[in-house]
Amino acid sequence: MRHLERLAASGALPSGRDRLQSFLTLAGSSPYLGRLLVQNPSFLDTLPAGGSARAPRTREDLEEDLARFLALNSGRDPSAALRLFKQREYLGIALADFLGTADLPAITRALSLLADVLLDKAVQMAWAPLERRFGAPTRRDDQGHLERATFAVIALGKLGGQELNYSSDIDLLYLFSRDGETSGSGAESGGTIGNKEFFTRLASDVTRLIAGRDPEGQVFRVDLDLRPGGRDGELVIPLGAAVAYFRNWADAWERQALIKARAAAGSPALGRRFIDLVEPLVYPETPDPFLTMEMTAMKDRIDARLSSEGRSETDIKLGRGGIREIEFAVQALQMLHGGRDPWLRQANTLLALHRLAEKGLVGYAEYATLSEAYTFLRDLEHRLQLGHDRQTATLPTDPAGLRILARRMRLGGAAPGDETSALAERLERHRSTVRAFYDSVFGRAAQKEITEEESEDLWVERLDEERTLARLRQHGLRDPETLLRPVRAVRRLLRPAATTPEIRRLLRKAGPILLKGAAEAVDARRAFDNLEKLLSAIGADPLGLLGFLSRREVLAPTMRLLGASDFLAGLFLRQPGLVATLGDRAHVLRTPPPEEYRASLLEAAAGRDPARAREGELRRRHNAALAYIAIRDINRQATLREVLKSLSNLADGTLEAVVRLAAEEAGADEPGGGTGPRLSVLGLGRLGYREMDYGSDLDLVFVREGGDDERARAFARRWCEAIVRVLSTLSRDGQLYKVDLRLRPSGREGDLVVSLERLRDYLRDSAEVWEMQSFLKARHVAGDPEPGARAIDSVESIVHERARAAGAAALASAVTGMRRRLLQDAPRPERRPLDLKAREGGLMDVHFIVEFLQLRDAVPNPADKDTLRLLLHLNAAGSLDEEGMRILHEGYLFFRALDHQVRLIHARPLPHPAADEARLAELARALDPAAPADAAAAARGLMEKLQDHTTSVHRVFERIVTG
Amino acid sequence: MRKPADVLKLVKDNDIKIVDLRFMDLPGLWQHFSVPTHELSEKSFEEGFGFDGSSIRGFQAINESDMLVVPDPEGAFVDPFTEVPTLNIICNVVDPVTKERYGRDPRAIAQKAENYLQYTRIADTAYFGAEAEFFIFDDVRFDQNAHCGYYYVDSVEGQWNSGREEGPNLGYKPRHKEAYFPVPPHDHFQDLRSEMVLNLERCGLTVEAHHHEVATGGQMEIDVRYNSLTRAADNVTIYKYVVKNTAIKRGRSVTFMPKPLFGDNGSGMHCHQSLWKGGKNLFAGEGYGGFSEMGLHYIGGLLKHSAALAAIIAPTTNSYKRLTPGFEAPVNLAYSRRNRSAAIRIPMISTSPSAIRLEYRPPDPSCNPYLAFAAMMMAGLDGIENRTDPGKPLDKDIYGLGPQELKNIPSLPGSLDAALKHLEDDHDFLLKGDVFTEDNVRLWIEYKREREVNPMRLRPHPYEFALYYDI
């Protein structure tokens with residue numbers, strides 16, 4: 001009645017009986033809705049007369065309505081306009097609810113649809129200005145064609161299941177199709193940015209529109225915690241990386257959450273694709289034997305927390321017999337049977353329950369009582385929340401509060417005057433139904449586990465060959481015969497430790513997880529082989545084994561990683577401590593910004609410890625950073641380009657740290673030392689292009705400015721000698737980098753450090769064409785940036801000047817001559833079938849074409865130069881025709897990707913006999929998940945593709961350079 | 001660890017006048033030059049001493065000849081032979097500009113191999129014990145030109161001298177293959193070997209035994225205690241230097257040439273090897289001969305790569321006159337506990353875990369020990385990494401095997417040329433961790449072909465006259 005008074009006071013008393021009736025219903029049931037109406041009396045006009053049920057609104061209808069509403073409210077802040085629309089629609093839905101003209105599923109569907117439409121609108125609203133500024137986000141597909149990148153909002157949780165409450169959070173996950181960059185041709189050109197940046201901006205704008213608060217509230221509370229990496233994960237993630245995350249990293253509960261995944265807004269095609277790709281992960285063909293165990297464990301944690309807070313009885317959502325228990329039990333049954341029966345894959349709880357009944361997994365009588373219980377509990381939750389638009393599932397404890405709640409549940413009629421006890425009675429009945437269902441689902445499973453646990457242990461007991469094979473097979477490992485040797489070796493390593501009961505207990509728990517991880521690995525044999533090496537590396541330290549086994553959450557990912565990459569396994573076994581850090585997934589998954597490598601490495605290089613100790617720390621941090629990059633790489637969390645950029649950033653940071661460490665060693669603190677030369681380290685080759693890969697050399701040239709007296713020169717020399725020494729020493733912790741200094745002026749015979757003037761003179765007077773080619777890639781990498789920038793500027797202009805003077809014909813003959821020499825020296829392709837560098841039509845040819853064109857046509861470097869960018873750049877500048885660009889682009893990407901996978905998987909070049917069918921097939925599949933399953937066909941396909949690319953690239957070389 | 005200051009103290013205490021700087025060329029001959037003591041200071045151990053590397057076999061091209069040697073304090077010892085008190089120091093070769101280790105310095109390769117071993121975390125130390133055999137001759141002459149060619153060696157204890165008028169000939173010249181090892185007067189060189197041993201110990205080596213060897217004409221062996229890879233190679237180098245010079249002082253000449261005598265045993269350099277980690281012998285286990293699985297894989301790696309290794313561990317054309325099938329030479333690529341004719345023998349002298357090791361028998365003392373030890377260890381590591389199965393042990397005497405069974409046992413290549421071809425085809429195991437580089441391998445093969453194999457081809461052999469003159 002207070003609301004009615006206020007409404008009257010404002011002179012907007014509802015005219016007409018129907019409206020007054022509606023107003024009273026709404027305000028009487030929910031103070032929150034009452035207040036809304038007081039603030040926006042005009043909303044009453046939109047309510048259906050008499051609150052009579054309308055046909056459910058269609059999506060189109062709602063979208064149109066929203067468009068009209070926004071047009072009328074164009075003066076308002078967009079976020080506020082969306083909020084107002086939501087509030088207006090809520091009134092209609094709530095009215096139907098209170099009048100009983102719509103049932104629970106209809107209400108929640110209506111609320112969910114409304115959320116979808118608002119989200120979709122928010123995406124459109126946020127997209128337009130970004131595209132005006134940066135152009136449309138695009139990517140080049142493998143054929144070099146441009147396509148538009150898309151964005152999708154995936155709903156999880158209640159919105160995903162279309163069972164949204166009035167006050168529910170909406171659980172979202174933002175995706176974009178693939179990495180690339182924007183066209184940069186927007187109306188208010190803000191230049192080109194990476195797709196990731198574009199979509200990160202888009203996602204945060206969408207979030208701001210939906211979840212941004214003003215004093216009147218917000219559209220929805222948005223919860224993004226279910227995204228890959230959780231709270232610390234990146235806001236928006238490419239499709240491939242998201243799928244890889246759920247495959248490789250996600251905990252069981254995160255995969256479970258995907259049951260409710262639904263494409264809610266943005267590109268429906270992209271959303272659908274995501275759902276299709278993750279479905280096999282949620283519903284594996286053979287269900288995860290630990291599924292129910294993990295779910296029970298989680299529920300037990302929830303129970304423990306609630307009871308410590310004294311809410312076990314009052315929380316109808318999380319407490320015993322509450323909503324969560326039905327959901328868990330339904331989802332457990334879905335996940336156990338959905339692999340074989342796609343019909344069970346259903347996001348909505350009630351529908352899923354119905355389908356379980358159809359399939360005979362739940363009795364029909366049980367279904368009837370369960371769905372009644374679920375509806376009742378959700379209803380009750382709605383009423384609790386509508387009280388004040390607050391997210392709560394806790395029953396009030398005071399009698400008055402309970403009475404109001406019971407009245408809102410319309411239980412008054414059922415038991416006049418005694419609503420409270422009727423509510424309590426009904427609640428108890430439903431809860432016990434739920435509890436019995438939950439226990440029956442999880443009890444059965446739990447029983448099975450106990451027998452499993454008591455049986456002989458693979459790692460502790462001496463099992464004979466027969467039983468070992470059976471056990472391996474049981475865990476889904478194919479070809480267990482090939483695993484016998486490494487499994488026995490691992491057992492031999494573990495057995496001496498397994499004499500203590502503590503380790504035995506740990507082993508019983510950890511053992512099955514190791515097997516599970518191996519079964520999921522790309523190559524189980526490699527996983528066990530590397531596990532053996534890792535354990536024997538850890539073995540030296542008895543506490544290490546305890547530490548390794550007790551981190552159960554990292555065991556399965558570790559096995560998958562060990563099965564995927566010898567390179568990474570090498571890092572792990574040199575630094576077993578890294579394995580423990582895998583538990584911190586957020587840290588592992590995040591791509592750190594370049595400054596972070598720098599900061600961490602510089603910190604290692606500074607300090608008071610002896611220089612040797614700091615060098616050790618620097619190597620360890622470098623190793624750790626490498627390991628994280630490799631992990632993201634293996635899990636497809638990062639594209640090849642991102643991986644190479646990360647490795648280059650790491651190299652930059654390392655160099656800077658080494659430059660400082662070395663200055664100290666060379667005696668910068670000694671009198672006269674520090675005031676001398678300014679030093680810039682130039683990176684050429686792959687470092688110059690920021691295309692560093694695992695195991696790439698550093699091509700360095702040291703340039704100094706000033707400090708021309710003998711003493712300062714000697715200091716500069718010592719400084720650079722120390723840089724080279726720290727970088728290239730092979731210690732127990734490995735080698736930071738191999739350093740190649742042959743590109744310095746005069747090559748081997750030249751001074752280690754050259755003055756800026758000498759560098760200029762050399763390039764002007766003596767450098768040969770191949771040296772000019774190399775210096776086109778030069779970039780200041782570490783040291784003093786000012787002389788570095790001056791060096792790069794003058795290098796580029798001198799090189800172009802000289803190229804102009806030489807003329808196209810002379811350039812072409814020098815380039816072809818040098819290429820011929822290098823090809824002669826290169827290993828024969830039959831001996832190294834996967835060495836892509838110096839072979840006809842290989843990587844070197846792509847580079848030579850690029851460099852030749854750059855020199856011939858005096859095309860300046862673009863900012864942030866790399867091979868792909870230069871190809872586009874040369875094409876835009878008219879030096880390289882479209883077809884040539886396409887062939888080189890395609891070829892280059894293929895070569896790089898193949899070379900990269902060899903480095904990642906095998907850690908070293910594969911010589912001829914080792915490049916057998918199985919290994920080639922594995923590479924083929926690493927490059928293209930759609931490669932044929934048959935090893936021979938996949939291997940042949942790969943080699944044919946390689947042949948095609950080299951032939952095409954060679955042809956382009958002939959056409960452009962040889963002429 | 002010895003520090004530069006300790007070396008300077010050594011100089012002072014021994015009243016040293018001359019410092020002799022030593023390093024190894026590619027084929028394995030020790031090189032040196034000297035500086036007066038006042039040139040040596042603590043700084044020398046960082047800045048080194050310059051020399052012209054262009055004339056050193058297997059080093060720089062003429063146009064890039066300046067090199068540095070940097071003394072390694074660990075490698076300093078007082079020379080037992082010079083009249084002027086002289087300190088010898090083993091040096092590392094370094095690029096004068098970048099101060100990087102010179103990639104063609106054999107000692108650098110050995111050190112890289114040790115670093116690589118630690119880097120793999122498989123083990124922290126590789127122990128090598130080498131038993132280099134040699135002959136002591138009284139006289140050696142050889143010549144070859146367009147119209148004649150011959151060699152002539154002689155020894156007071158040569159069987160062939162039993163009828164020589166020695167005025168008087170006192171006899172006691174051991175029969176062929178029977179010189180292992182009757183007491184004097186059969187053994188003419190007890191005192192000389194003892195003197196060699198004392199000199200070796202003065203140079204810091206620990207000697208375990210010395211004795212006469214099988215061949216007549218003065219074949220000897222002195223056993224030096226095993227050591228870690230680079231140090232063991234240093235010791236082989238010092239050993240050859242001391243043995244040769246002790247003999248010269250006594251008017252005799254020592255050769256480490258693998259096969260100087262026709263009709264008797266050649267000189268090998270059996271290499272005992274084991275890997276250790278944290279003070280534990282990783283080769284000790286419960287498998288065959290008390291070997292661990294890792295030890296057997298190491299054997300597997302050695303056997304698998306033996307054909308290629310041959311070009312480094314038996315790297316002369318003369319080596320293959322020793323490694324001839326059917327003449328008790330360890331050419332059959334198998335392993336055995338008792339059988340001394342297999343390429344790998346597992347000594348049964350002690351069963352204590354710390355004594356478990358393998359003895360690889362094909363190497364001979366004509367090899368460059370730095371390269372040979374590094375290459376053998378890399379082959380073994382490759383076996384460990386790839387879990388190379390060594391096959392079944394061979395406990396039957398190979399010579400007793402019928403030709404049928406023997407056919408299945410691979411054997412070493414029959415010539416240096418064939419071995420080089422194998423090395424050309426199989427050297428990826430050496431390149432791991434950049435221990436050897438493609439440049440090293442290519443240079444080695446080129447050097448051996450151009451400087452040894454091809455010149456041999458051009459020359460008629462005396463026995464060819466016996467065979468063919470009358471054709």
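Residues are numbered from 1 along each chain as its sequence is written, and chains are lettered from A and ligands numbered from 1 in the order in which they are written. In this predicted model, local features need pLDDT of at least 70, side-chain atom pairs count only at pLDDT 80 or more, and totals for chains, interfaces and linings use all residues, while side-chain values use heavy atoms, with hydrogens and water left out.

I'll start with the interface. On the chain A side, 33 residues are in contact with 28 residues of chain B, where contact means heavy atoms within 4.5 Å. The two chains bury about 2600 Å² between them, and 41% of that is on carbon and sulfur atoms. Buried area here is the accessible area, taken with a 1.4 Å probe, that two parts lose on being put together, summed over both. Of the area that chain A buries against chain B, 25% comes from Arg574(A), Leu730(A) and Arg732(A), more than from any other three residues.

Next, the polar side of the interface. Nine residue pairs are in polar contact across it, both residues being at pLDDT 80 or more. A polar contact is a pair of N or O atoms within 3.5 Å; within protein, one must be able to donate a hydrogen and the other to accept it, and residues adjacent in sequence count only if both atoms are side-chain atoms. Which elements of chain A give two or more residues to the side that touches chain B? They are helix 20 (484–494), helix 22 (524–539), helix 25 (566–574) and helix 32 (710–728). Helices are DSSP runs of H or I with at least four residues, strands are runs of E with at least two, and both are numbered from the N terminus. Helix 22 of chain A gives the most, with six residues. By type, that side of chain A has nine nonpolar, five polar and 19 charged residues; charged means Asp, Glu, Lys and Arg, nonpolar means Ala, Val, Leu, Ile, Met, Phe, Trp, Tyr, Cys and Pro, and the others, Gly among them, are polar.

There are six salt bridges between chain A and chain B. The rule asks for a side-chain nitrogen of Lys or Arg within 4 Å of a carboxyl oxygen of Asp or Glu. One pair is Lys738(A) with Asp434(B), the closest N and O atoms being 3.0 Å apart. Lys738(A) also forms a salt bridge with Asp697(A), at 3.8 Å from N to O. Lys738(A) lies in the loop between helix 32 and strand 11 (739–740), and Asp697(A) in the loop between helix 31 (685–688) and strand 10 (698–705), so the pair ties together parts that are 41 residues apart in sequence. There is also a salt-bridge network linking Arg485(A), Arg492(A), Arg525(A), Asp529(A), Glu532(A), Glu293(B) and Arg387(B).

Now chain B by itself. Chain B has 13 helices and 17 strands, and its C-alpha trace spans about 65 × 60 × 50 Å along the principal axes. Within chain B, Glu359(B) forms a salt bridge with Arg345(B), the closest N and O atoms being 2.7 Å apart. Glu359(B) is in strand 17 (residues 358–360) and Arg345(B) in strand 16 (residues 342–345), so the pair ties together parts that are 14 residues apart in sequence.
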